Number of protein chains: 2
Amino acid sequence: MARKTGSHSDITGPRVRAAALKLFAAHGFAAVSMRQIAAEVGVQAGALYLYTPDKQSLLFDLLRDHMQEVLDAWEAEEKPEGPVAQLETFSRFHIRFHLERPEKVFISYMELRNLEPDNFEALGQMRRQYENALEGILKRGQDEGLFDVDDTKLTTLALISMLNGVTSWYKPDGRLSLARVESIYSDMAGKAVRMPRWKERQRKLEAKQAAE
Amino acid sequence: MARKTGSHSDITGPRVRAAALKLFAAHGFAAVSMRQIAAEVGVQAGALYLYTPDKQSLLFDLLRDHMQEVLDAWEAEEKPEGPVAQLETFSRFHIRFHLERPEKVFISYMELRNLEPDNFEALGQMRRQYENALEGILKRGQDEGLFDVDDTKLTTLALISMLNGVTSWYKPDGRLSLARVESIYSDMAGKAVRMPRWKERQRKLEAKQAAE
DNA sequence: GTCTATAAATCGATAGAC
DNA sequence: GTCTATCGATTTATAGAC
């Protein structure tokens, strides 16, 4: 059965999104024109509107799908017992997941301000959901006396900022392997929030004295 | 002596830059038009070109002047003795300086990609110069056995990412005072790189045994 | 020093041929 | 499904009146 010439709806759609992702990451949403995206795909500008109602939806769909993918992946990640191991799992997961999708991560937080209000709010809710996963770990660690954190919310944001920073310099063929970067960052995250051993000993000592 | 009506070269110039800063920070360089900037200043679009040769220079001047201000301010900062205290000084300086100029900090790293190649390179050199100030502290601390850092360059970037993150959520009238945010972040930075006491004891013990 | 007017290019999005 | 052509709005930047 002969196929109609130029009928590629099933593959052109994803190619449009891939081109938009690439160009938004490289030059910024506002600086990229629909004609540039079309050229990257290899079609004319008008053809793009078969796959997206407008430019804004193109951006929103990319960001929403990415955040959903993060949330699903963390949900599916196997969690060890105890806040200390969970923090390491989270740090390594975050680094790995983000380094495997550098462009999506980049636009997910560079282009938030180019979302229309409703879309912005929707993304904000998903982001907070992800932050809550980390804050939950910190809270449990704090309750169990394993972490020494001044403010779990602030610390959550500080750790995520630190982990996100990796995307701004990491190069897959660079000096450091992904596994090593994962280790260094998760070590730093752990050390930044763990209860120091001397403090823990002092705490136990005081508890013992109070019991006498 | 009568002053010519509408002659405000001395004050309009800074007002143009202030308006550009405000709008670039709020909406992004590419999304802001010269007409919007002119409206913010209260003049017509054509008048802007008395104060800048083009839109690109307006952005570059803002970013370059900001980076120069950072470098000068760190140069002028009083440095204590020893890497541990210096790291705290750096952390507190960075947090304070950046929170006092949220818009400049924001565009300084959101709008880098909108710089033309030569301008981009110039900014990159200034940024590396600032990073080197922190890396120098980490290196000295590492040499003196006070820090336990896997890789000084990577750690430098991780710490700066963490400290920069504060600008994305801090509100002057929020729950936490500037002094408290400074303390929490500098504590986290210190803990993330400091040699743990037990490790330091072990190191001294081994050195002693080796000497016997 | 600021204005109005405008040039020349480009933008997002649509209409209609094939 | 893709193309060409185009509308209408907007862009940066300049020219010239005042």
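A salt bridge is a side-chain nitrogen of Lys or Arg within 4 Å of a carboxyl oxygen of Asp or Glu. With that in hand, welcome to the close-up views of this predicted model.

**View 1. Two domains of chain A meet.** Chain A is assigned domain 1 (8-52) and domain 2 (55-211). Their centres, taken over C-alpha atoms, lie 31 Å apart. Each domain brings its share to the contact: 14 residues from domain 1 and 14 residues from domain 2. Together they bury about 1400 Å², 71% of it on carbon and sulfur atoms. On the domain 1 side, A:R17, A:L21 and A:F29 supply 48% of the buried area, more than any other three residues.

**View 2. A salt bridge between the domains.** The count between domain 1 and domain 2 of chain A is 1 salt bridge. Look for A:R17 and A:D65, whose closest N and O atoms are 2.7 Å apart. On the domain 1 side, α1 and α2 (34-41) each give two or more residues, and α1(A) provides the largest share, 7 residues.

**View 3. Chain A meets chain B.** Here 40 residues from chain A touch 40 residues from chain B. The two chains bury about 3300 Å² between them, with 58% of that on carbon and sulfur atoms. In chain A, the residues losing the most area to chain B are A:R113, A:L154 and A:K191.

**View 4. Charged partners across the chains.** Chain A and chain B share 8 salt bridges. One of them joins A:R113 to B:E111, with the closest N and O atoms 2.9 Å apart. Among the helices of chain A facing chain B, α7(A) supplies the largest share, 9 residues. By class, the chain A side holds 21 nonpolar, 6 polar and 13 charged residues.

Note on methods:
Residues are numbered from 1 along each chain as its sequence is written. Chains are lettered from A and ligands numbered from 1 in the order in which they are written. This is a predicted model: local features need pLDDT of at least 70, side-chain atom pairs count only at pLDDT 80 or more; totals for chains, interfaces and linings use all residues. Side-chain values use heavy atoms; hydrogens and water are left out. Contact means heavy atoms within 4.5 Å. Buried area is the accessible area (1.4 Å probe) that two parts lose on being put together, summed over both. Helices (H or I, at least four residues) and strands (E, at least two) are DSSP runs, numbered from the N terminus. Ala, Val, Leu, Ile, Met, Phe, Trp, Tyr, Cys and Pro count as nonpolar, Asp, Glu, Lys and Arg as charged, and the others, Gly among them, as polar. Domain bounds come from an automatic or database domain assignment.
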